[in-house]
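Please walk me through this structure, one part at a time.

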Amino acid sequence: MTADLTEAAIAILRANDRGGYTVPTSSGLYPAQWNWDSCLVALGFATFDEDRAWAEIETLFGGQWPDGMLPHILFHGDDSSYFPNTAIWQAGPGGRTSGITQPPVAATVVRQLFERFGVERSRPHVRALAPKLLAWHRWFYSARDPEGTGLAAIIHPWESGMDNSPVWDAALAAVEPGPSVAHLRKDTGFADAAVRPTSAEYDRYINLVLTFRAAGYRADRLYGIAPFRVADIGFNAILQRANRDLRFLLDVIDDRAGTAEVDRMIARTRAALEGCWDEADGFYYSRDTRTGEVIRKPGIGGLLPLYADPAAAERHPALVARLERWLEQVEVAVPSFEPGRPDFEPRRYWRGPVWLVVNWMILDGLRRAGRRDLAARIRRDSIGVVARSGFREYFDPITGEGLGGTDFSWTAAMVLLLAGLED
Ligand code: DGY
């Protein structure tokens with residue numbers, strides 16, 4: 001890894017810094033603060049600017065709803081170049097947020113900052129953030145798992161962070177499209193339409209937003225009325241990892257009641273995640289909780305139980321073997337959907353392209369599972385593809401071509417993080 005790449009990554013984070021929060025890209029595609037982007041970007045700042053890393057998370061929690069939900073977007077400034085913006089969402093205190101959430105990586109990131117900066121410097125931040133994190137996790141179990149299954153439901157593909165994964169196709173097709181919004185889209189003005197979700201998907205994405213808006217975004221109503229409702233294996237694996245990290249943080253501040261509460265979350269979700277393992281197929285699957293059907297599509301979320309709990313690698317050697325087979329078929333690890341499948345599209349957003357943030361999660365699980373060889377391949381590919389194709393939003397796993405937005409914050413952050421690891 002050359003010093004040039006590190007310098008370029010730092011320059012991107014500095015350029016995308018809007019003062020206390022970072023936009024995902026300066027190109028205009030995403031002119032606001034995104035929840036999981038922001039948390040993962042803090043891991044990049046942590047390598048060169050401690051205060052800025054904490055500020056990223058603290059700004060994000062400034063947008064937390066009174067019921068504990070942490071929105072997927074906080075709009076801080078001019079949002080006219082983004083669709084759907086505040087005029088469509090009309091959500092949150094002051095009308096400055098979206099009305100849905102995103103994968104809960106925050107507790108994991110806060111623990112990473114704590115471990116990097118040490119107890120003395122981190123404890124005041126942990127003291128302020130841990131109760132907010134607990135409120136968010138509690139919200140997942142009350143608002144999104146009222147039936148006590150141990151899995152939190154997502155009610156919009158955007159909540160998964162993997163917007164147009166083939167895993168959501170059938171559940172999304174069952175949603176009414178609503179009025180066509182193709183002419184209102186802004187994203188296709190910044191990135192080639194062929195690498196973005198389709199307009200048929202967008203019409204449904206927006207109709208879901210309008211349905212939730214009409215229900216006043218009331219958490220006690222949305223679960224029951226949501227026309228799209230999925231127990232996403234990737235999302236719940238991220239939640240479970242965050243539960244473990246939150247438990248650690250609550251322990252740091254001696255919150256006994258909090259640790260006991262999170263222990264109960266962990267126990268419930270541990271059993272439920274194992275219930276998603278399909279022995280015959282050797283993979284973890286999501287479930288459509290409206291129809292009760294298992295969604296037998298191998299998306300990258302199905303590998304994330306490794307990140308939740310590295311013991312998954314020992315329990316299910318077939319899972320790691322499956323990942324190895326995926327990697328044999330691509331130039332750049334890790335494709336976001338199983339290569340060779342009819343639904344696999346190597347250039348279209350979450351239907352095949354490589355995303356460095358998910359690479360980091362899988363690599364982290366593999367390292368902790370003792371598979372440093374495989375982790376090293378993922379690390380090498382991740383840094384190599386950026387060196388070749390730039391700090392793009394995502395990459396074609398077959399050709400290594402860079403796709404989507406340019407000078408991308410979380411790609412820069414992951415390069416900084418991965419560069420600091422030893423194989
Ligand atoms: C987008 O606008 O593409 C985002 O992924 C939705 O939050």
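Helix H17 (residues 356–368) and helix H18 (residues 372–389) are roughly antiparallel to each other, because their axes cross at roughly 160° and angles over 145 degrees count as roughly antiparallel, those under 35 as roughly parallel, 65 to 115 as roughly perpendicular and the rest as oblique. Their axes come within 8 Å. An axis here is a line fitted to C-alpha atoms, for helices over the stretch in contact, and angles run from 0 to 180 degrees between N-to-C directions. The helices (H or I, at least four residues) and strands (E, at least two) are DSSP runs, numbered from the N terminus. The crossing of H17 and H18 is left-handed, a word used if the near helix is turned anticlockwise from the far one by less than a right angle, with right-handed for clockwise.

On the H17 side, the contact (heavy atoms within 4.5 Å) is made by Leu356, Asn359, Ile362, Leu363, Leu366 and Arg367. H18 contributes Arg372, Leu374, Ala375, Ile378, Arg379, Ser382, Val385 and Val386. Sorted by class, the contact of H17 with H18 has 9 nonpolar, 2 polar and 3 charged residues; Ala, Val, Leu, Ile, Met, Phe, Trp, Tyr, Cys and Pro count as nonpolar, Asp, Glu, Lys and Arg as charged, and the others, Gly among them, as polar.

The model is predicted: local features need pLDDT of at least 70 and side-chain atom pairs count only at pLDDT 80 or more, while totals for chains, interfaces and linings use all residues. Residues are numbered from 1 along each chain as its sequence is written, and side-chain values use heavy atoms, with hydrogens and water left out.

H2 passes H3 in a left-handed crossing. Asn35, Ser38, Cys39, Val41, Ala42 and Phe45 in H2 meet Glu50, Arg52, Ala53, Glu56, Ile57 and Leu60 in H3. These residues divide into 7 nonpolar, 2 polar and 3 charged.

In a further pair, helix H6 (residues 119–143) and helix H12 (residues 233–252) cross at roughly 140°, and their axes come within 10 Å. H6 is therefore oblique to H12. This crossing of H6 and H12 is left-handed. From H6, the contact includes Arg123, Val126 and Phe140, and from H12 it includes Phe235, Leu239 and Val252. By class, the contact of H6 with H12 has 13 nonpolar, 2 polar and 1 charged residues.

Next comes the ligand. Around the ligand (a heavy atom within 4 Å) are Tyr30, Trp34, His72, Tyr82, Trp158, Asp163, Arg196, Tyr202 and Tyr349. Polar contacts are pairs of N or O atoms within 3.5 Å; within protein, one must be able to donate a hydrogen and the other to accept it, and residues adjacent in sequence count only if both atoms are side-chain atoms. An N or O atom in the side chain of Tyr82 is 2.6 Å from an oxygen atom of the ligand. For a polar side-chain atom of Asp163, the distance to a ligand oxygen atom is 2.5 Å, and for one of Arg196 it is 2.9 Å.

Some backbone details remain. Most residues other than glycine have a negative phi, and most peptide bonds are trans. The peptide bond from Phe83 to Pro84 is cis, with omega near 0°; Pro84 is in the loop between strand E2 (73–74) and helix H4 (86–89). Ala333 and Val334 are also joined by a cis peptide bond, with omega about -5°, and Val334 sits in the loop between helix H16 (317–328) and H17. Asp254 is not a glycine, yet has a positive phi of about 60°; Asp254 lies in the loop between H12 and helix H13 (256–274).
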